[in-house]
Amino acid sequence: MAIAKAERLMNLALCLLGTRRPLTKRELRASIEAYLEVGGGSGRGGEDAFNRMFERDKDDLRELGLVIETVENLEGEIAYQARRDSNRLPPVALDAEEAAALTLAAKVWQQARLAGAASGALQKLRAAGMPLADSGAEDPYGGHSALEPRIPVREAAFEPLMLACRDRRPVTFAYRKSNAASPGTRHVEPWTLECWRGHWYLAGHDRDRGAERVFRLSRITGPVRSRAGAYTAEVPDHVTVRETVERWAGEIATATARIRLRQGAGYPLRARALQTREAGDGWDELEIPYGHGLDAWLVEFGPDVVVLEPAELRTDVVDRLRAVAKG
């Protein structure tokens, strides 16, 4: 079955690439034997089966990277063609470091939709003669990597938000703040997605609040819905957006906080500690950088963390824990 489909796709690709003029579905069906055999080759049932197969095959070829143009011929029929100049890879010159960076980037994405696109891009570059290493093969530096990069994406909101960021489409979604008992609806002009400390964040313009905001994807509940219309706010450059995510997620510290941390727990907090000392009874006392978002991070450690100061941070953490307890 797989071989038959591969042969059918190859024949369709050759027909679209080899023709001097766009071909209609009727002409393509007459030229490819596998299409003539669909549904007995005649009758309404056979025509419907062919149309479904042709649309799937066309989508598969486009997913593989073939640029298929759709035009209307002189008779008013829809016709298709894959022009060679549109499907020819331009000259690409990469040094060993650039080739290694591309290979590394392709290994990062593990989701099927992204992995397919990354794999197809590498195949095209290899076909053009680029020295890209295969998975498990030696890298351009002659060694083997002991670490494999991964960016896990578990949130269902990731893909629709990624597409909305790419296409510059406003979205709406239900969002539950860490200290809220129930989610609220947000209307957002999405800018970009950023991964920070293993969590994904969306940065964008919140239309209801008229200001930039950052949303943690794990707190988005329900589907992400696209909305028509243009953006009302200017999209900042990527460096500025990255700084926005770091500030809202707690990367940029403006003060210090003092906490108690149970021994044998909270290693990410220990790695950021400015000072650490034993406090007795199985606890350590740490001084850590304090910035926006630290309260949300501390809540994740539950009963292993006690905030000593400042008072406002302690209050924020207690409020968040109470909200979680209320459900």
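**Sheets, helices and a nonpolar core**

Biologist: In β7, which residue is the bridge partner of Asp206?
Modeller: This is a predicted model, in which local features need pLDDT of at least 70, side-chain atom pairs count only at pLDDT 80 or more, and totals for chains, interfaces and linings use all residues. Strand β6 (residues 199–206) pairs with β7 in the antiparallel sense over six bridges, where strands are DSSP runs of E with at least two residues, helices are runs of H or I with at least four, both numbered from the N terminus, and two strands pair if DSSP finds at least two bridges between them. Within this pairing, the partner of Asp206 in β7 is Ala211.

Biologist: In the open sheet of five strands, how many degrees does the twist average from one strand to the next?
Modeller: This open sheet has the order β7-β6-β5-β4-β8, and its pairing is antiparallel. At the edges are β7 (211–216) and β8 (220–226), each of which pairs on one side only. Going from one strand to the next, the average twist, taken between lines fitted to C-alpha atoms as an angle from 0 to 180 degrees between N-to-C directions, is 45 degrees.

Biologist: About what angle does the direction of α7 make with that of β5?
Modeller: Helix α7 packs on the sheet and touches β4 (171–175), β5 (184–196), β6 and β8, contact meaning heavy atoms within 4.5 Å. For a helix, the axis is fitted over the stretch in contact, and the directions of α7 and β5 make an angle of about 90 degrees.

Biologist: Which residues of helix α7 are buried?
Modeller: Buried means under 20% relative accessible area, exposed over 50%, and partly exposed in between, using a 1.4 Å probe and protein chains only. Helix α7 covers residues 158–167, and just after this helix Arg168 takes a positive phi of about 55 degrees. The buried residues of α7 are Phe158, Leu161, Leu163, Ala164 and Cys165.

Biologist: In the sheet of three strands, which residue of β3 is the bridge partner of Thr24?
Modeller: The three strands form an open sheet with the order β1-β3-β2 and antiparallel pairing. Its edge strands are β1 and β2 (69–72), each pairing on one side only. Two antiparallel bridges join β1 to β3 (residues 78–81), and the bridge partner of Thr24 in β3 is Ala79.

Biologist: Is Thr19 buried or exposed?
Modeller: Thr19 is found in the loop between α1 (2–18) and β1 (23–24). A polar atom of its side chain lies 2.5 Å from the backbone oxygen of Arg21. Because its relative accessible area is 15%, Thr19 counts as buried.

Biologist: Which residues have the most contacts inside the largest nonpolar core?
Modeller: A nonpolar core is a set of buried Ala, Val, Leu, Ile, Met, Phe, Trp, Tyr and Cys residues joined through side-chain atoms within 4.5 Å. The largest one has 19 residues, and those with the most contacts inside it are Leu12, Leu16, Leu28, Tyr35, Phe54 and Leu61.

Biologist: Is Pro268 buried or partly exposed?
Modeller: Pro268 lies in helix α9 (residues 267–272). Not counting residues up to four places away in sequence, Pro268 touches Trp297 and Phe301. Because its relative accessibility is 44%, Pro268 is partly exposed.

Terms used. Residues are numbered from 1 along each chain as its sequence is written. Side-chain values use heavy atoms; hydrogens and water are left out. A polar contact is a pair of N or O atoms within 3.5 Å; within protein, one must be able to donate a hydrogen and the other to accept it, and residues adjacent in sequence count only if both atoms are side-chain atoms.
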